[in-house]
Structures are given as C-alpha cells and as structure tokens.
Amino acid sequence: MNAREKLLQENKFDPQQLLNRAKRRRNFSERFDHFSDVYVWVLAAVVALAYLFSAIFGLIFALLGQTVAHVQTPWTVWSLQELSPVLLMLSAICVLRLFLYLGPVGVNAAKADWWLPLPISTRPILGRSIRSALLTGLLTSSFVGVLWLIVMFGLVGAYEPLVALYALISFALSGVLLTSLAVVLQSYGLQPRAQRWLGRCIVAAIVVLAAFWFLLQVNIPWAISVVEGASSSVLRLSAWAPAAIGLLCLSVLSTWWAWKRSPRIGARDMRVAGEHQRLALGSAMQADTRGAVEPSSASIGRRRRRGNKLASRLPVAWRILVLRLLRGGRWHATLGYLVMVMALVATVEQVANPLSALLFYLVLCLLLTINVAGTISPLISQPQLTQHLGQSAVKLQRTAVLFAVFYCVIALTTLTGGLALLGVVQLSNFWLWGAAVIVVSLGGAAASLGHAQRKERDWESLLGGSTSDTTVVMVLMNEASTLIPAVATYAPLFALVLSPETGIGWPLWGISVLFALRALQPFLGRAYAGLRG
Amino acid sequence: MQTGQSTKIVLEARELIIGYQQRVICGPLDLQVSAGDGVGIIGANGSGKSTLVRTILGHLSPVQGTVEFLGLPVNEDSLAFRQHVAVQITDGAFFEELTVAEHLELVARGHNLNSWKQSVSEELEFFELQQVAGLLPSELSSGQRRKVLLAATLIRPAQLMILDEPEQRLDLRIRQKLYDRLAVLRGSGTTLLVVTHDPQMLRHCLNHAFLLNEDQGEALHSEAGAQWLER
C-alpha cells in the first residue's frame, strides 16, 4: 500500500444492512410467498433425492446383472467394490474442480455493480461470501458422500450406522477443506493452473489403475494385497474414525489460511466467480448443461487449425458442424464414455451382462442427444444464419439431421461392435441390428433437434421470479418430452440386447419409427404434416 | 496522444492493446486525459469502445500495454480508485428488494456523504424520479432504470467520471439537463470520459474526441468528432 493509500480511510458502512432492512419490511403475504418458494424447492429436492437413490440402486442392480447370466472376459480382474477407493479420490478431485470453477468466493451481479465500487471495507462482503462457499462445500461433499455410501452399502448388502456417521462427518469436513483450499488458490490467482493439475491427476489415476490392472492380470501378490486391503478398509470404522479426526484438524487449518488470504481476492475475481455461480445454478435448475460445459474460447483457440483441410472441401453448413465438432472438442464426451464402458465391461466382474448393456445404451442415448444438440444448435436455432449462408432454414435443418444421424450411427455401431467383441451381445441377426441402429439414430437426431431448439432463458428472472418453481417445472417437462421419446426409439435395440433370438416385435418397431419420424420432417415437408394429421 | 492542455494527467494509457484473453479487438492505443478534460470515445459498433472502458476500469486485463490513474496502474481494488472514479456502465444489475431511493442511499452512504438524505432527494428531483422513489427496479421502465444508474453515478464525488452511452433511452429534455450538468461538472474540474454516439454531447460538454477506427485510436477535437458522428 502506498503512502497516499494509507491516508485514505475505508468507510465502515456495511451495505448488507440495507438488504436486511428490506427483508424486515416484508409483510405477511410476502413472507409467506418466500416461505412457500423455499418449501417447494425443498420438497422438490427431497422427491428428486428419492428418485436419485432409486436410480442408483437400479444402476447397481443392472451393473451387477442381477438375475441374468454374465460373461467372464479374460481381462476381468476386480470387482466394483475394489474400484471404490478410486471413486473416492475422483469425487474429491471433482468437488475441488467444481469449486475452482465457482470461484469459490464470488458476488452476484447486483453486488458486483453496486457494492464492489464503493470505498468501503470488503471484509464483510468477503466474510459472507466465504461462509456461503464453505457451507456449499460442506453440503456438496456430504451429498457426494451420501451417494457413495449408498453405492457401497448397496454393493456390500449390509448397513453399519457408526461407519456411515463417521464417513459422513469425514465427507462434510473434506468439503470444508477442499473449499477453503479453493479459496486459497483463488487468492493466489492459481485456479486455471490448479484445474490443469487436477486434470493431470485424473490422468495419473487412470494410469495407476491401468498399471494395477496389469499387475493383477499377472497375479503379483503385493498388488493383490494392496487392492484387497484398500477395498476392505473403505467400510471399516478403524479407517473412518482417524480420517474424521485428521480432516477436522486439516479443515480448521485450511479455513484459517483461507480467511487470512481472502483480502487478496480482487473485485474482478469475485465478479467472474459470481457469473460462473449464476451459470452453474441456472444450469442445475434447468437441467441444461449448455451454460456450464460449453467449450471455452481458450480451448477452441488452441484447436484453431484442426479440421482446416477436411472442412475446406465440405459445403458451408457441413463445414460449420465439422469445425464445431473438432475445434469445440465436442466428440470427447462420446469417445470418453465409449472407452469407459469398454474398460468397465472388460475388466470388472459381472458387468459384462445384458442388463448393463441396456444401461449403457440408455446413457448413450441421453449423452448423444445433449452432445449432438450442442453441435447442431446454430443451424437450428439461429434464423440469421439463413441470411449469412444464403440457404433456406429447411436446407440447414436437413444438414443438421444428416449430421446427427451420421454421428449417432458411428457412436452406436462402436458401442454395439465393442460389446459384441466382448461377447455381451450377439450379432446373429445382423440385418436386424443394422436396421435398429438406423432407426435409433433417426430417433437420436429427432431428440437432438428438439433439444437444440430450447431457447436460452434469462436465468436471473427465472430465479428471482415469483413463479420460478412453476417455470422450472415447465422447462423440465419440455425436456422430458424430448428425452422420453428418444429413449422410446431405442426399444428395438433393447429387445435385441435382452432377447437376441426372438427378434423385434412389430409394436416395438412401430413405437420407434413413430418417434423417429420427426427427424424426417425437413425432408418430407407437407407429407410429414399430413402424417401427423 | 495528449488531449489536454493542463499538466495534471488523470488517466494515461500507453501502447494499450485491448481484447478478450488473447483475441485482439483494437490497439495499440495511446491516450492521455488531463484534469478537467472531457473526452468522448467514439467509433462504429464493435470498434471496441466498451472494451476500452472495461479495460480502463480494470474489469478486463489489457492484452498488452498499461493504463494508469493518477500515475499508478489502474487497480479497481485500490481505495483511491474506488473513491475517485465514478462509473456508469451500460446496463447495471439491481437489487430486486431495494427501492430506487435505497439504491441511491447505498451509494451515498457508501461514499460517506454526511447529508446523504438531501443528496438522494436532489438526485431524485433532478432525474424526475420522485414519483417512483419507493418502487422496486422490476416496476420501472428501461428509461427509468437508466436514470437511476446515472443518478447513482452523479450522487457521489469523483475526480474522474466514466460513462458508457449515458444518452441512451433518455428523453430529449432530461438528456439536455444531463449535458448541462456534465458541462458544469467539467468546469469545476471533474474529468469526463464518455462513450457516446451523440454529436450534441460532444459539442455541449466535452472538448476532445478519441476515435476508434480500423483498430487504431485517433485524437480529434470534439467538433471534428461530432462531425464524424454526423457523417
């Protein structure tokens, strides 16, 4: 601080008192409105949690192939439970990455515009922001912990309350620890570097996993004892009690460090963090990933040269799609998912079964819808492109549909081929499989078109509006009306996976074709409208 | 470029290249603004006017070059910067639960104005907002919200005032009142840096223009700037 700065004195005024005054001023009706808003959200969260827990048990049920026979591949070396320590580490990395993305110390747009430029002490603003970040960290990590414990107790088939209590305390404390570490990193301006390092940690974990897979494959005794020891200790009280005590000490220390470092967090960082928090909250409330996982301009910039040769020979609309796919790295999610599925099926006990294959197709259906919609959205939702490119909207839609079908065919063929190679599905009815993949890809294209037509919404008004809960429910209903038909078009594939010998019934073909027809709308024009009556 | 005659340099940008991360929008630019100067930043849409303002305010990092306020690098976290630089950006966010008067009270008390009640009432009167003083931002028109933002900028003392298209959405009478007031402020030593598309503003209350054109900055007299806007 220079001499002139020392002469200036910060005003002790705390702008929060004006907001508190406004809250006290609310009449009964306004208070009741506020209460009912909170009540509806809490109720929705409880219902969503109940569904989530059921979905997790369903997932475990399918992965373990309960009631159906599984294939034993020569590369199978471990069980799902033995992978749980890795899952623990990955969840901690994901929580830390999330908080580095969220700031975690940030202020909303109003506070950024009205409070940050005031010559007042930033301590109260920072204090509130840090408290809120720590609470969010604690709750997020506890939520992850609950999910993890459900998976573990589901796998083991037994429940131990004391272990659950200590584990939950440890998860809550690790949330505080990770959030305060993120605050410290934010104060040093190290978030991008830390995020890169965490990305490398994930790669390192995968490499270690691959190394252990090799060691177990060749029956190295010490590797076997390490894996068994780690997997058996994850539900032992003797592991969680010291962990809770250690995490308590670490979280106290890190919170103190974060508090000491927090005055170094600048207004610009808080403003950017606030914007990220708004995007993340809006995305979570609307089940819309576009706000949070769009490729960054920096990563697109790095891939600026990619696809130049390939795209230069294509028509302009195709060029846009190919470049969005390559430079935006939009194929990463699909490829990553396919690799993960193959690795799980090949190396984990019991996963190579038809039920889990069905689950993998189901997840691929949702992934492809979101993934392809992100790529084709400019051709579908930006009317001004028709003028820029000199092409009609229908022609652009046709290109988008062809691209979507092509992309879905590749992804589905890869998954089906991989599962067939591992013996999980039989391709005895080869032509039926081919026809099913084509129809399902049309269904995927139809769902992607629907998803891409979702308009950007003003999250600020959605969150603040008096009818926000109703609006969000409407948004989610719309989304369901896109995704449920997409899943329905997969019916022929599900039938082939579960019962390869009996073929596909005509009703299933009927349902699938009915929902896939929408993809043909740009090609059939009026004929399609006539078909719909 | 030296835009002012007086010796005290309030704001100085040297070899400034502006943009987002490494994507260059405009530059290199050189700009010196002296105390009591009124500089209008002009240029076509997309020429980088608002980006320049955001860089000067420290909201964006320069791709290259430096910006100094009173001889020190611009730092919006510095107390001196927050005390002496008043900013009105294009569309500010509002607190949904605070009334118009409370928004102004927030700024006045934040700047430790002893007679903040009187200042709030004067600003409400100047911008003809008395009737809506008790209303929430969601109940205002876009023009009224613009007036609140301007009132919040003018209610506080400042050595440098930065305004981004203040004339937008104001009716002609209020616009004229605003120009008169800015001219008086400049006469009393406040430095003005204004992004504008209005030639009348350049003629009435500013004495220089800084034209952003073809990725370069060019210093002009305010009259020449006004003529460029009218061409």
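This is a predicted model: local features need pLDDT of at least 70, side-chain atom pairs count only at pLDDT 80 or more; totals for chains, interfaces and linings use all residues.
Residues are numbered from 1 along each chain as its sequence is written, with chains lettered from A and ligands numbered from 1 in the order in which they are written.

**View 1. The six-stranded sheet of chain B is open and mixed in its pairing.** Its strand order is β6-β7-β8-β3-β9-β10; helices (H or I, at least four residues) and strands (E, at least two) are DSSP runs, numbered from the N terminus, and two strands pair if DSSP finds at least two bridges between them. The edges are formed by β6 (85–88) and β10 (216–221) of chain B, each pairing on one side only. From one strand to the next, the twist averages 15 degrees. Strand β9 (residues 208–213) of chain B runs antiparallel to β10(B), and six bridges join the two.

**View 2. The four-stranded sheet of chain B is open and antiparallel.** The strands follow the order β2-β1-β4-β5. Because β2 (23–34) and β5 (72–73) of chain B each have a single partner strand, one side of each is left without a neighbour in the sheet. Two bridges connect β4 (residues 64–69) of chain B with β5(B), and F69(B) has L72(B) as its bridge partner in β5(B).

**View 3. Helix α1 (residues 49–56) of chain B lies across strands of both sheets.** Axes are lines fitted to C-alpha atoms, for helices over the stretch in contact, and angles run from 0 to 180 degrees between N-to-C directions. Beyond its neighbours within four places in sequence, I41(B) is in contact (C-beta atoms, placed from the backbone, within 7 Å) with residues including K49(B), L52(B), L193(B) and F210(B).

**View 4. Helix α3 (100–110) of chain B contributes to the side of chain B that touches chain A.** In total, 26 residues of chain B are in contact with 25 residues of chain A. On the chain B side, α3(B) supplies the largest share, five residues. Of the 11 residues of α3(B), 10 are buried (20 or more other C-beta atoms within 10 Å of the residue's own; exposed means 12 or fewer, and partly exposed in between; C-beta atoms are placed from the backbone). These buried residues pack against α2 (16–24) and α5 (109–114) of chain A, together with α4 (116–126) and α5 (142–154) of chain B. N112(B), which follows α3(B), has a positive phi near 60 degrees.

**View 5. R97(A) is found in helix α4 (residues 84–102) of chain A.** R97(A) counts as partly exposed because it has 19 C-beta neighbours inside 10 Å. Apart from its neighbours within four places in sequence, R97(A) is in contact with Q195(A) and L198(A). Its C-alpha atom is separated by 8.8 Å from that of G199(A), which lies 102 residues away along the chain.

Notes
Two residues are in contact if their C-beta atoms, placed from the backbone, lie within 7 Å.
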